[in-house]
Each structure stands twice: as C-alpha cells, then as structure tokens.
Amino acid sequence: MLGTAAVLTLWQACAGRGTQRAIRALAAEDAGRRAWGYAHLARAGDGAVPDLVDALRLAEQPAFAAALPGIMMSLRDLDRETVMPALIDALDDEQGAQRHYAGMTLAFIGTDVLPAVTERLQVAPDPSTRAAAAWILSWLGPAAVEAEPALQRALQDEHKDVRHTARYALSRLRKPNDGFWRAADRVRGATFGAEADGAAVALLPVVADGRQLAEFAVGLVLLAGIMRWALGRARMPGGRDAPRGADGPRRASLVRRIALGAGALAVALLVCEYGFRWLGPRALVDPKLLLPSGERIPLSEIALLRPEGGPEAGEGLAARFRPYLFMKGWYDRPQWDYFDEQDCVDYVFNKHGLRDNDFELEPRPDEYRVVAIGDSFTFGAGVQLQDCWTEVLERELEAVHEGPVEVINAGFVSGHKPPGYAPWLARDGVRLQPDVVLVGLCLNDLHPKISLYAYRKVRPVPWFEGAFELLNYVQRRHVNRDPELRRFFGYVKHDPSYWNETSAALVRTRDDMRAAGIRFVVVILPVVSGFGDDYPYHSLINMVAEFCASEGIEHVDLRERVLVGDERELWVHPTDQHPNDRGQRLIGEGVFEYLFGD
C-alpha cells in the first residue's frame with residue numbers, strides 16, 4: 001500500500017495543493033496523506049532525482065515508493081524521456097492503484113507518451129494493463145487521435161473492462177476540440193500544476209473575443225460609410241436638382257448636425273455594447289469535471305467512471321466508483337479558499353471505491369464506527385474530503401472517544417436515494433459492523449422536482465431578440481432583483497409515489513439495522529436556500545420528522561443550527577447550492593450533538 005500512496009503522491013503533487021494543507025497532512029494517520037505532504041513540501045529540491053529514477057527501476061516495493069514522490073516534484077524540469085519508461089513499467093504493477101495513478105501522471109506528461117501507451121494497449125498480456133492504457137488515451141482526449149486504430153481493435157478485446165474503457169476513449173477522441181475555454185487553457189498553459197503566464201493571460205480577451213472585435217471593426221466601417229453618405233447628402237439638400245434658395249445652407253447645417261449626433265450616438269452605443277462584451281461580467285459556467293488533459297466535461301459523464309460488475313460475495317464492498325479513482329471538480333471563479341489553484345476540489349476514492357481514506361472491513365479493537373450513506377450532501381459535492389460533514393463528525397468523535405474512530409463516507413455508494421441505500425446497507429453496511437448507521441436524507445429524495453434553489457427563476461423574452469448583451473444584462477437584473485420563493489410541498493402532495501418509495505425504504509432499513517443490533521438514525525439535511533420565516537422547505541421537513549417519529553426511527557432536525565445568517569455564505573458556488581465547508585461543518589457538529597449531546 002505504500003507504493004499506492006506514493007503514486008497518489010505523484011499525481012497530487014502535480015496538481016498542486018496548498019502548503020498549509022501539506023503541513024497538516026504530515027500529522028495524518030493515513031500513510032498516503034503523509035507521503036503527499038512530504039512530497040509537496042520537498043518540491044523545491046530535486047538534486048536526488050537521478051538516484052530516485054534509478055531506484056524506481058528496481059522491483060522492490062520500498063524503492064518504488066521512495067522514488068515516485070521525487071519524480072513527481074521534478075516532472076517539469078526532468079528529462080521526460082528518463083521518467084516515462086519507469087512510469088510505463090508501473091502500468092504492469094499488480095496493484096490497481098499504482099497502475100491508475102501512474103497512468104494519470106503519464107496523461108499529465110502529454111502526447112509524448114502516445115507511442116509507448118498505444119503499444120501497451122496492443123501487446124500487454126495483462127488485461128488490467130491494457131485497460132489502464134486505454135484510460136490514459138481517454139484522459140488525453142482528442143490529442144490522442146493517432147491511437148484510434150488501436151482503440152478500434154481494443155473493442156474486440158476478450159476482456160470486458162478493456163472494451164468498456166476503449167469505447168469511452170473513442171468517445172473522447174471524437175469530441176470537437178474547438179471550445180473557447182480549451183483555447184484559453186492552452187494560452188494559459190493551464191494543465192494540472194502549470195501556472196498562468198502574465199503575458200499570455202493579457203492576450204485572453206483577444207482569444208476570447210476575436211470574433212466580436214472583428215464584428216466591432218466591421219460595424220465601425222459600415223457606420224463611417226453611412227455617415228459619409230449622409231453628410232454628402234447634407235451638403236446638397238434635395239439632391240442635384242433641388243432648388244437653391246436662401247434656406248439651403250441653414251437646412252444643410254441642421255441635417256449635418258443631426259447626422260453627426262446620430263452617428264456619435266451610434267458609435268457610443270457600439271462602444272458600450274462591445275466594451276460590455278469584452279470587459280463586462282461574464283456569466284458563470286456550471287461546474288465540470290476536469291481531466292488531466294485540461295478538458296472540462298459535464299458532471300453527468302461521471303457515470304462512465306463506475307466499475308464493471310461488482311465484488312464476489314464476501315469480498316470487498318459494492319461501490320459506485322472505481323477503486324483509487326481520482327478526479328477534480330472544477331468551478332468557475334469560486335470565492336472560497338479551500339479550492340485549489342485550478343479552481344477545483346479533489347475527488348479521491350479509496351480501495352473500496354468510496355470517497356474516504358482507506359480503512360479495513362474489520363473494525364479495530366475498541367473502535368467506534370459509523371457508516372454514513374446519502375447523496376451529494378453526504379458525498380461532499382463541491383468541498384474537499386476533510387471538509388465533508390462525515391469528517392467533521394469523525395474529528396468530533398475522536399475528541400470524546402478513547403479508542404479509534406472511523407466514520408465511513410458512503411455517499412453515492414448505491415445511487416442517490418434511500419431505495420438504493422437499503423439493499424447496500426443490508427448487504428455491505430452490516431458487514432462493516434458499525435455502531436451507528438446514518439442515512440443523510442436530502443429533501444429532493446421526496447420528489448425530483450424539489451430544487452436546491454428556493455427561488456423562481458424568471459427568464460424574460462429578450463429585447464431585440466437578444467442581439468445586445470448589455471440590454472440583456474440590464475433586463476435580467478431588473479426582472480430578478482426581487483426573486484419569488486417557490487413552493488415544493490404540492491409536488492409531494494399531488495404525486496406521493498417518490499415519498500412512498502423513500503419512506504418504505506427507511507422502514508426496511510430500520511428493520512434490517514434493528515435485526516443486526518445497529519443504531520439507525522435519519523439525518524434530515526435542510527436545503528441551504530430560501531432562509532427566513534417563509535422558508536419553503538419547512539413543511540417537507542415537518543412531514544419527514546413526523547413520519548420518523550410515528551415509525552420509531554431516530555432522526556436529526558438541523559434547522560436551528562444550519563438556517564442562520566446569509567444563505568449565500570453557505571453555498572459552494574452561486575451555481576451550486578450544496579453546502580460549502582462552513583455548511584458541512586454545521587451539519588457535522590449538529591449530528592455529533594444529537595449522538596453525544598448528553
């Protein structure tokens with residue numbers, strides 16, 4: 001497992017993390033986090049890199065573990081022709097984590113790895129190595145188009161995981177590579193770990209708005225031609241055959257002034273419009289997943305990162321994600337300091353495919369163990385792992401429990417609603433032998449039309465068919481300056497089928513946990529939007545609390561703790577109303593108070 005931690009170090013150091021976080025990692029119990037901390041703090045010194053490269057070629061696991069952090073911190077300065085063979089060899093390692101993170105580092109290096117990786121895809125005897133090679137090509141995206149013939153042949157591979165990964169890689173190859181932000185990233189040099197060059201960033205408006213600037217120039221030329229024509233006509237009112245009276249010069253002067261005024265107004269409006277397009281506020285982009293190639297893909301494509309099949313009975317845990325998967329969640333210009341230099345949060349999964357540190361299935365002696373299952377609120381969408389409410393709860397429990405503590409984050413492990421949680425808890429949750437099972441119930445579990453954003457969004461019909469960005473902006477601000485709260489209880493009242501499924505699953509889980517002698521608690525997670533006396537989710541929370549009380553199910557109502565202050569201070573992002581680090585902390589502390597309040 002030390003080799004696994006070292007390869008994870010290799011990737012994460014490339015991605016870049018804060019020095020304070022690295023210092024905190026040195027005190028962590030997990031070996032992988034400590035290794036990452038040492039590597040990050042050691043990035044300034046690379047004198048030992050040649051020796052580490054030689055050590056990497058050794059078959060012994062300790063040498064492998066010792067070499068990778070040094071290579072990681074030196075990838076930019078080291079001759080990549082020296083590094084690549086060692087990483088290619090790591091693709092044959094018997095441990096999946098080492099293959100995975102070595103592959104991600106190869107993707108970071110870029111297209112220089114294409115020949116070697118394509119060869120591994122075609123000739124490697126181990127299907128796991130072939131699958132890892134296909135994953136590298138998928139991370140490279142359209143830049144790996146030369147490998148398309150090899151990927152086409154891999155579709156006929158006898159191993160299903162190779163076929164699945166090759167199919168995904170081909171889908172990435174065929175995606176168009178013409179988006180503005182891809183071009184902007186190339187100008188910045190913004191692959192993982194790269195820093196923006198000041199001169200390049202200064203060119204971004206030109207890259208972004210070259211077409212608009214061309215339109216602006218053409219508009220000025222046309223306007224100048226019209227003004228020239230109008231002024232020419234003004235010199236001879238009525239045309240060549242017009243009578244020449246005493247009023248002619250006066251009328252000519254008036255027409256000239258009107259033409260000049262209209263032209264000046266048109267120029268001013270054009271300057272304001274294109275100035276706004278160039279320098280005005282840019283609409284925020286929805287969150288994306290960030291690949292090592294620098295490409296941003298929709299969050300929905302996370303479904304392609306699920307493992308093929310599941311573990312055999314009695315072996316491992318059934319999980320929604322691949323073991324040791326590493327992704328980055330990208331947000332557009334976030335305001336909180338826990339985001340890294342690429343405006344991202346890390347989504348790192350352990351050997352069980354859960355977003356958590358590694359743990360053993362069998363609890364340690366005197367260990368107090370909690371299993372928390374839920375959807376994106378429990379998973380921690382938009383926050384770092386250490387900020388998830390499960391980690392907050394774990395730290396609070398460690399302060400009062402004399403023995404070891406393990407709070408297992410099983411967010412998204414089996415779907416995102418209680419009907420999916422129940423079978424997983426009955427099969428795998430019980431095997432973990434927890435003292436407590438917590439089900440994080442988000443209010444959109446009651447009906448799919450219940451939104452995390454409490455306000456009604458008004459989309460007005462744009463003026464002039466939306467041709468003017470400045471007018472569109474003014475119109476949107478005017479219409480939405482006092483948004484109206486939505487009402488959600490009617491959805492459940494008129495279509496209770498989703499709530500019926502959820503409530504039945506909670507009862508089933510209560511019975512399963514009771515039979516296993518495990519304490520069962522439902523954590524009702526309030527939506528962090530629409531704060532105030534007219535909070536539109538009150539009736540939904542009351543309905544869930546009354547149901548749990550009637551069925552003898554313990555439940556936590558967090559409204560008094562969470563619904564305080566400015567709701568925007570608890571949002572991950574203006575485009576994402578999941579709770580940020582502060583909101584997650586309030587949830588974790590509230591759950592701890594309920595469990596150990598006495």
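**Charges over aromatic rings**

The charged end of Arg296 lies over the ring of Trp330, at 3.9 Å from the ring centre. The model discussed here is predicted. A further case involves Arg355, whose charged end is placed over the ring of Phe379 at 5.3 Å from its centre.

**Aromatic pairs**

- Across the whole structure, the search identifies 17 aromatic pairs.
- In one of these pairs, the ring centres of Tyr347 and Phe379 are 5.5 Å apart and the planes meet at 45°, so the arrangement is classed as tilted.
- This pair connects distant parts of the chain, with Tyr347 in strand E4 and Phe379 in helix H16 (residues 376–379), 32 residues apart.
- Both Tyr347 and Phe379 are buried.
- Phe488 and Tyr491 also form a tilted pair, because their planes stand at 45° with the ring centres 6.4 Å apart.
- Within that pair, Phe488 is buried at a relative accessible area of 1%, whereas Tyr491 is partly exposed at 25%.
- One aromatic cluster is made up of Phe321, Tyr347, Phe349, Phe379 and Phe412.

**Salt bridges**

- Side chains of opposite charge can pair when their charged atoms come close.
- The total for the model is 19 salt bridges.
- One of them joins Asp534 and Arg487, with an N to O distance of 2.4 Å.
- Asp534 is located in the loop between strand E8 (519–525) and helix H22 (538–550), and Arg487 in the loop between helix H19 (469–479) and helix H20 (489–494), so the bridge ties together parts 47 residues apart in sequence.
- Asp534 is partly exposed, with 46% relative accessibility, and Arg487 is likewise partly exposed, with a relative accessible area of 46%.
- Arg561 and Glu589 are joined through their side chains in a salt bridge of 3.2 Å, N to O.
- That bridge links distant parts of the chain, since Arg561 belongs to helix H23 (residues 559–562) and Glu589 to helix H24 (residues 581–596), 28 residues apart.
- Arg561 counts as partly exposed at 24% relative accessibility, as does Glu589 with a relative accessible area of 21%.
- Arg510 and Asp511 form a salt bridge in which the closest N and O atoms are 2.9 Å apart.
- A network of salt bridges links Arg364, Glu367, Arg369 and Glu406.

**Nonpolar cores**

- In soluble globular proteins, nonpolar side chains tend to be buried together.
- The largest nonpolar core contains 68 residues, of which Leu393, Leu425, Leu438, Leu446 and Tyr537 touch the most other members.
- Helix H22 supplies the largest share of this core, namely seven residues.
- Leaving aside residues up to four places away in sequence, Leu446 is in contact with Val492, Tyr498, Trp499, Leu540, Met543 and Val544.

- Asp366 is a non-glycine residue with a positive phi, near 65°.
- The position of Asp366 is in the loop between strand E4 (344–348) and strand E5 (368–374), and at 66% relative accessibility this residue is exposed.
- Phe412, also not a glycine, has a positive phi of about 65°.
- Phe412 lies in the loop between strand E6 (405–411) and helix H18 (418–429), and belongs to the aromatic cluster that includes Tyr347 and Phe379.
- Ser503 is part of helix H21 (residues 497–516) and is buried, with 10% relative accessibility.
- The side chain of Ser503 reaches the backbone oxygen of Asn500 at a distance of 3.0 Å.

Note on methods:
Residues are numbered from 1 along each chain as its sequence is written. This is a predicted model: local features need pLDDT of at least 70, side-chain atom pairs count only at pLDDT 80 or more; totals for chains, interfaces and linings use all residues. Side-chain values use heavy atoms; hydrogens and water are left out. A salt bridge is a side-chain nitrogen of Lys or Arg within 4 Å of a carboxyl oxygen of Asp or Glu. Helices (H or I, at least four residues) and strands (E, at least two) are DSSP runs, numbered from the N terminus. Buried means under 20% relative accessible area, exposed over 50%, partly exposed in between (1.4 Å probe, protein chains only). A polar contact is a pair of N or O atoms within 3.5 Å; within protein, one must be able to donate a hydrogen and the other to accept it, and residues adjacent in sequence count only if both atoms are side-chain atoms. A nonpolar core is a set of buried Ala, Val, Leu, Ile, Met, Phe, Trp, Tyr and Cys residues joined through side-chain atoms within 4.5 Å. Contact means heavy atoms within 4.5 Å. Rings of Phe, Tyr and Trp (its six-membered ring) pair if their centres lie within 6.5 Å; planes under 30 degrees apart count as stacked, over 60 as edge-to-face and the rest as tilted. A charge sits over a ring if NZ of Lys or CZ of Arg is within 6 Å of the ring centre and within 35 degrees of the ring normal.
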